[in-house]
Amino acid sequence: MLLRSILRSSTGIARQVSHITVRSMTNQTDLIEKAKKLCAYAAVDSNLDINKDKVIGIGSGSTVVYVAERVGQLAKNSGVVCVPTGFQSKQLIIENGLRLGTLEEYPEIDVAFDGADEIDSSLNCIKGGGGCLLQEKLVADSAKRFILVADDRKNTGILGRHWTQGVPIEVIPTAYTKILRQLKQIGGKPTVRLGGKAKAGPVITDNGNFIIDCDFGEVPAEKLEALNDKLIRMVGIVETGYFVGIAKKAYIGKSDGTVSTLDV
Ligand SMILES: O=C[C@H](O)[C@H](O)[C@H](O)COP(=O)(O)O
């Protein structure tokens, strides 16, 4: 009898605890989502001038969803053209009633907005968590102004601190074993990104390539360019997710409802 009532009350406590845990996780998720929306709206409001900016780059990821939403609200019928960085981004442009263009037609972009997986204090960043790095880098490189939007978790000051799964590297499929060996030789811990439950085998990028995630630990800003150059020189690597010296401004959304702006 006593045992049964102890069991009953402990089950009740466990249920209460898991209820509270789920609720606080939901609150946390809501706050992060709000932070993403805030920084995206702030970035667009402060950097998009629809009287001057005629070609806009729209990046990929969950934060950019709000960038596309805001650009749609401000520029839907203004005649601006949006250049996407991949499949998701193309869908966002269409869904928000914006005009789609390609990089072939518009090789010079006035302003581009994109998310990041991690940002350092010089505004270098890691991108490609969602597998879009090559097209994202093409758009970023073609933009006169490249603006980052991210929630506070990504702003760590040094690359490799928060984003510990490694820098995404896009490789030609036939070169992947050669590249895995070369990455190990320079001290990296590389793994081919697999599709998990969604696909038995490697993730294939929008360009038909594989992605290798390579952990180099924390990489200080002053060592980044040399490491990136070394990677780019490996035949078979198409691009890396290190975006070195491209962004000049970042909007960081915080869970307290504020946005901070970083410049270099
Ligand atoms: O490949 C994905 C892109 O680089 C994203 O911009 C990056 O992963 C950040 O995405 P999110 O805004 O979802 O954190």
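Tutor: Let us begin with the distance between the centres of domain 1 and domain 2, which is 24 Å when taken over C-alpha atoms; the domain bounds themselves come from an automatic or database domain assignment. This is a predicted model, in which local features need pLDDT of at least 70 and side-chain atom pairs count only at pLDDT 80 or more, while totals for chains, interfaces and linings use all residues. Residues are numbered from 1 along each chain as its sequence is written.

Student: What is the mean pLDDT of the protein?

Tutor: pLDDT is the predictor's confidence in each residue, on a scale from 0 to 100. Here the mean is 92, and 90% of the residues reach 70 or more; the model also scores ipTM 0.98 and pTM 0.90.

Student: Which residues make up each domain, and how many are in contact between them?

Tutor: Two residues are in contact if their C-beta atoms, placed from the backbone, lie within 7 Å. Domain 1 covers 33–158 + 244–263, and domain 2 covers 167–240; 17 residues of domain 1 are in contact with 16 residues of domain 2. On the side of domain 1 that touches domain 2, helix H4 (residues 133–142) gives the most, with four residues.

Student: In what order do the strands of the open sheet lie?

Tutor: Strands of a sheet pair through backbone hydrogen bonds, either parallel or antiparallel. Helices (H or I, at least four residues) and strands (E, at least two) are DSSP runs, numbered from the N terminus, and two strands pair if DSSP finds at least two bridges between them. In this model, four strands form an open sheet in the order E10-E11-E9-E12, with antiparallel pairing. Strand E10 (189–192) and strand E12 (237–240) are the edge strands, each pairing on one side only. Strand E9 (residues 167–171) and strand E11 (residues 210–215) pair over five bridges, and Val-171 stands opposite Phe-210 in E11.

Student: Which strands does helix H5 lie across?

Tutor: Angles run from 0 to 180 degrees between N-to-C directions, with axes fitted as lines to C-alpha atoms, for helices over the stretch in contact. Helix H5 (residues 176–185) lies across E9, E10, E11 and E12, running at about 10° to E11, whereas the direction of helix H6 (residues 221–232) makes about 160° with that of E12.

Student: Which residues come nearest to the ligand?

Tutor: A residue is near a molecule if its C-beta atom, placed from the backbone, lies within 6 Å of it. Of the 17 residues around the ligand, Gly-61, Ser-62, Gly-115, Gly-129 and Gly-130 come nearest.
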